[in-house]
Amino acid sequence: MGKKNKQFVEKVTAMEDDFAQWYTDVVKQAELVDYGQVRGTMIIKPYGYAIWENIKDELDRMFKETGHSNVAFPLFIPESLLQKEKDHVEGFAPEVAWVTHGGDDELAERIAVRPTSEVLFCDYYSKNIHSYRDLPKLYNQWGNVVRWEKTTRPFLRSSEFHWQEGHTAHATDEEASQETNQMLEVYASLVEEYLAIPVLKGRKTDKEKFAGAKYTLTIESLMHDGKALQSGTSHHFGSGFAEAFDITYLDENGESQFVHQTSWGLSTRIMGALIMVHGDNRGLVVPPRIAPTQAMIVPIAQHKEGVLDKAYALRDQLKDIVRVDIDGSDKMPGWKFNEYEMKGIPVRIEMGPKDIEKDQVVLARRDTGEKEFVPLSDLEERLPALLEEVQQNLYNKALAHRNEMTTIATDMNNFKQTLDEKGGFIKAMWCGDMKCEEKIKEDTTATSRCIPFEQEKVADTCVCCGKEAKELVIWAKAY
Ligand SMILES: [Zn+2]
C-alpha cells in the first residue's frame with residue numbers, strides 16, 4: 001500500500017472545544033481559502049470560489065428578473081469626491097486605503113481604493129440624469145472593495161472582499177422605499193431558499209444604519225455558536241446623497257427635483273454564514289442548491305474488473321440530472337469518504353462489486369450520515385428527491401436551532417445571564433433612546449441586530465431604563 005493511501009484527512013478541532021479554531025480548520029481543510037500576502041487578504045481557492053459563483057449566479061438572475069443591469073465602475077475614488085457627503089466619509093474614513101503615489105511621483109490628490117462605491121455612482125448620476133424619462137436607474141456591480149480592518153478572519157472580516165453593490169435612483173421617495181424592500185426580499189429568498197439559512201428581517205437602529213442612509217434594512221442570521229451575522233443590507237438614502245451631489249431631474253411639469261436613491265449589498269461574508277450555520281465536526285455541509293458537486297461517486301474495490309467502467313457510466317447517466325462527479329483516483333475509499341465529507345458534498349454514491357451484482361448503489365447523505373440502498377432503475381428519481389430532502393432538513397435544523405436560541409429578556413439581569421450562559425438572539429423592548437442602546441452594548445457587548453418587521457410586545461417597558469417601550473429589538477453578540 002502506497003504512502004499516499006495512508007494519508008487520511010486531518011481532523012478538525014471540535015466546535016464545542018474551540019469554535020473559532022474549528023472555523024479556521026474547516027476553511028482551510030475544505031480548501032475554501034488561503035491567506036494572502038498582505039494581512040487580512042484572502043485567496044479564494046477553486047472550491048470556495050465555485051460555491052461563491054453559485055450564490056452569485058442565483059443572485060444575479062434575481063437582479064435581472066427585477067429589472068437591474070450590471071455595470072463596472074472604477075476601483076479608485078478621488079479624495080475630494082469621497083468627502084462630499086459628510087456622514088458617509090466619517091463612517092468609512094478609518095478604514096480607507098489610500099494611494100499616494102503613481103510610480104515614484106507623489107499624486108496631487110490622494111486616491112481612495114473604494115471601500116464602497118456610493119460616491120462614484122452619485123457623481124455619475126449627477127451628470128447623466130436630466131429628466132424624469134431617465135429614471136429609474138437600476139444598476140448593480142459585482143466587484144471587490146477594500147476596508148482596512150484591524151482584526152480579520154477569512155470571509156467574515158477581510159481587508160479586501162468580493163460582493164455586489166446595487167445603486168439605484170428613483171423619481172420619488174415611495175419608489176425608493178419599494179426598491180429598498182424589494183431587494184431585502186431578494187436577499188431573504190436567496191439566503192433562505194438556496195443557502196437554507198433562516199433570516200430575521202428588520203430595520204437597523206439609527207446607530208447601526210449605513211453611514212449617510214435614511215434607514216437600513218437587514219437580514220440577520222444566527223450562527224451555530226449563538227452569535228449573529230448580518231447577512232445582507234438594503235439602504236434607503238432618501239435625497240441626502242442627491243442633495244450633496246446635486247442629482248436633480250426635471251419632472252413632468254418642468255420643475256427641478258432631487259432623485260431618491262438606494263443601495264444594497266451582499267458579500268462573501270455569506271460564505272462565513274454558510275460554514276457556521278451548517279458545518280459540523282466532520283467539516284463543511286453545503287446545501288444542495290448551491291453545492292458545486294451535489295453527488296460524488298466513490299467506487300468501492302475499484303481494482304476489480306468492471307467497477308470503474310460502471311462507475312463512470314453511472315456518472316454519464318446522472319450528469320444531466322444532478323451536478324455529479326466521480327473520484328476514480330487510487331486513494332482509499334475511506335480517505336475519499338473523509339475528504340468529501342470535509343468538503344460538505346451533500347450526497348455520496350457508493351458503488352462496489354456487490355452493488356453492481358444487485359443493480360443498486362448506496363446513497364449516503366452528508367447532513368445525517370444515513371445510508372440507503374437504491375436500485376439503479378430508481379436512481380434518476382430518488383437522487384434529486386434526496387437532495388431536496390437534504391436541502392429542507394438543513395433549513396429546518398437551522399430554524400430549530402435559532403428558535404431554541406431565541407430568548408425573551410425583560411430586565412438587564414436576565415439579559416446578561418442569557419447572553420453569558422446561552423447566547424443567541426435576545427428579544428427585548430426598547431424605549432428608542434440611543435443612550436440605552438449604547439449602554440447595553442457597553443455593559444454586555446451585545447448590539448442591536450434589528451427592529452424586526454414582525455413586532456411583538458414582550459413587555460411594557462424598556463429593558464434598559466424601565467421607561468415606556470416603543471418597539472421590540474433583537475439583540476445579540478455579532479460577527
Ligand atoms: Zn431605554
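Two residues are in contact, or touch, if their C-beta atoms, placed from the backbone, lie within 7 Å. The structure is a predicted model, in which local features need pLDDT of at least 70 and side-chain atom pairs count only at pLDDT 80 or more, while totals for chains, interfaces and linings use all residues. Residues are numbered from 1 along each chain as its sequence is written.

**View 1. T13 and its contacts.** T13 sits in the loop between helix 1 (3–6) and helix 2 (19–29). Helices (H or I, at least four residues) and strands (E, at least two) are DSSP runs, numbered from the N terminus. Leaving aside residues up to four places away in sequence, T13 touches D18, Q21, W22 and D25. T13 is partly exposed, because 16 other C-beta atoms lie within 10 Å. A residue is buried if 20 or more other C-beta atoms lie within 10 Å of its own, exposed if 12 or fewer, and partly exposed in between; C-beta atoms are placed from the backbone. T13 and V26 are 13 residues apart along the chain, and their C-alpha atoms are separated by 8.8 Å.

**View 2. The hairpin of strand 5 and strand 6.** Strand 5 (residues 97–102) pairs with strand 6 (residues 105–113) in the antiparallel sense over 5 bridges. Two strands pair if DSSP finds at least two bridges between them. G102 has D105 in strand 6 as its bridge partner. Between the strands are 2 residues, and G103 takes a positive phi near 65°. Of the 6 residues of strand 5, the number buried is 0, so strand 5 lies largely in the open.

View 3. Strand 8 (residues 160–170) and strand 14 (residues 260–267) run antiparallel and are joined by 8 bridges. H167 has S263 in strand 14 as its bridge partner.

**View 4. F155 in a loop.** The loop that holds F155 lies between strand 7 (137–146) and strand 8. F155 is buried, because 27 other C-beta atoms lie within 10 Å. With residues up to four places away in sequence not counted, F155 touches T268, R269, M271 and G272. F155 and E437 are 282 residues apart in sequence, and 28 Å apart in space, C-alpha to C-alpha.

**View 5. Domain 1 facing domain 3.** The protein chain is divided into domain 1 (19–278), domain 2 (293–383) and domain 3 (406–476), with bounds that come from an automatic or database domain assignment. In this view, 16 residues of domain 1 are in contact with 15 residues of domain 3. On the side of domain 1 that touches domain 3, strand 9 (200–203) and strand 10 (215–222) each supply at least two residues. Strand 9 gives the most to that side, with 4 residues.

**View 6. Helix 13.** Helix 13 (residues 376–404) has 29 residues and reaches 40 Å from its first C-alpha to its last, close to the 42 Å expected. The expected span is 1.5 Å times one less than the number of residues. Helix 13 bends by about 40° at R382, and a proline, P384, follows within four residues. The bend is the angle between axes fitted to the seven residues ending at a residue and the seven starting there. Among the buried residues of helix 13 are L379, L383, V390 and R402.
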